[in-house]
Amino acid sequence: MDAQPVSGAPLTVALHRPPGALVVRPEGELDHDSVGPLRDALERAVADPPARLVVDCGGLDFCDSTGLNLLLRANVAARRAGVPLLLAAPGSVVVRMLEITGADEVLAVRPTVADALAADPAALPGPADGYGDGDEEH
């Protein structure tokens, strides 16, 4: 199964399953009105976890705080399920949002999908046993 589009205006989500991974590619604008298809795809992925979960951000034209919150929550859920979640190929809009909010310190970001698929899970930010479980001190 190569790609399964899940439609939601103005966002579409395609799934690709390379060996040992799931690549989720949202395309369009990720905001409060369009977050549903990506949320659904990420929830399904964590419920039946692949060895590695990659969100290919290369197709995102826009991402607001709702989209960022979804990615952060998905990261926590994936880590609790023992799955590394990586963002790949973010455009300048997404990179800027990650930098401004400090989310680039929490989320594993790689320049390409190939880099995300090849990344060493031990080198990813946050503890492998579940970042964001409320036990860390600030």
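Tutor: The axes of α1 and α2 come within 10 Å and cross at roughly 5°. Axes here are lines fitted to C-alpha atoms, for helices over the stretch in contact, and angles run from 0 to 180 degrees between N-to-C directions. That makes α1 roughly parallel to α2. Angles under 35 degrees count as roughly parallel, over 145 as roughly antiparallel, 65 to 115 as roughly perpendicular and the rest as oblique. Helices (H or I, at least four residues) and strands (E, at least two) are DSSP runs, numbered from the N terminus.

This is a predicted model, where local features need pLDDT of at least 70 and side-chain atom pairs count only at pLDDT 80 or more, while totals for chains, interfaces and linings use all residues. Residues are numbered from 1 along each chain as its sequence is written, and side-chain values use heavy atoms, with hydrogens and water left out.

Now the interface. From α1, Leu38, Arg39, Leu42 and Val46 meet Leu70, Ala74, Ala77 and Ala78 of α2. Contact means heavy atoms within 4.5 Å.

Take α1 by itself. Helix α1 covers residues 36-47, 12 residues in total. Its first and last C-alpha atoms are 16 Å apart, close to the 16 Å expected at 1.5 Å a residue. The expected span is 1.5 Å times one less than the number of residues. Buried in α1 are Gly36, Pro37, Leu38, Ala41, Leu42, Ala45 and Val46. Buried means under 20% relative accessible area, exposed over 50%, partly exposed in between (1.4 Å probe, protein chains only).

Helix α2 spans residues 65-80. Its 16 residues should span 22 Å at 1.5 Å a residue, and its end C-alpha atoms are 23 Å apart, which agrees. The buried residues of α2 are Gly67, Leu68, Leu70, Leu71, Ala74, Asn75, Val76, Ala78 and Arg79. These buried residues pack against α1, but also against β3 (22-30), β4 (53-56), β5 (59-63), β6 (85-88) and α3 (92-101).

What lies at the ends of α2? At the start, a side-chain oxygen of aspartate 64 reaches to within 2.9 Å of the backbone nitrogen of threonine 66. After α2 comes glycine 82, with a positive phi near 80°.

One of the strands that α2 packs against is β4. Aspartate 56 sits in β4. With a relative accessible area of 9%, aspartate 56 is buried. Its side chain reaches the backbone nitrogen of glycine 58 at 3.0 Å.

Definitions and conventions:
A polar contact is a pair of N or O atoms within 3.5 Å; within protein, one must be able to donate a hydrogen and the other to accept it, and residues adjacent in sequence count only if both atoms are side-chain atoms.
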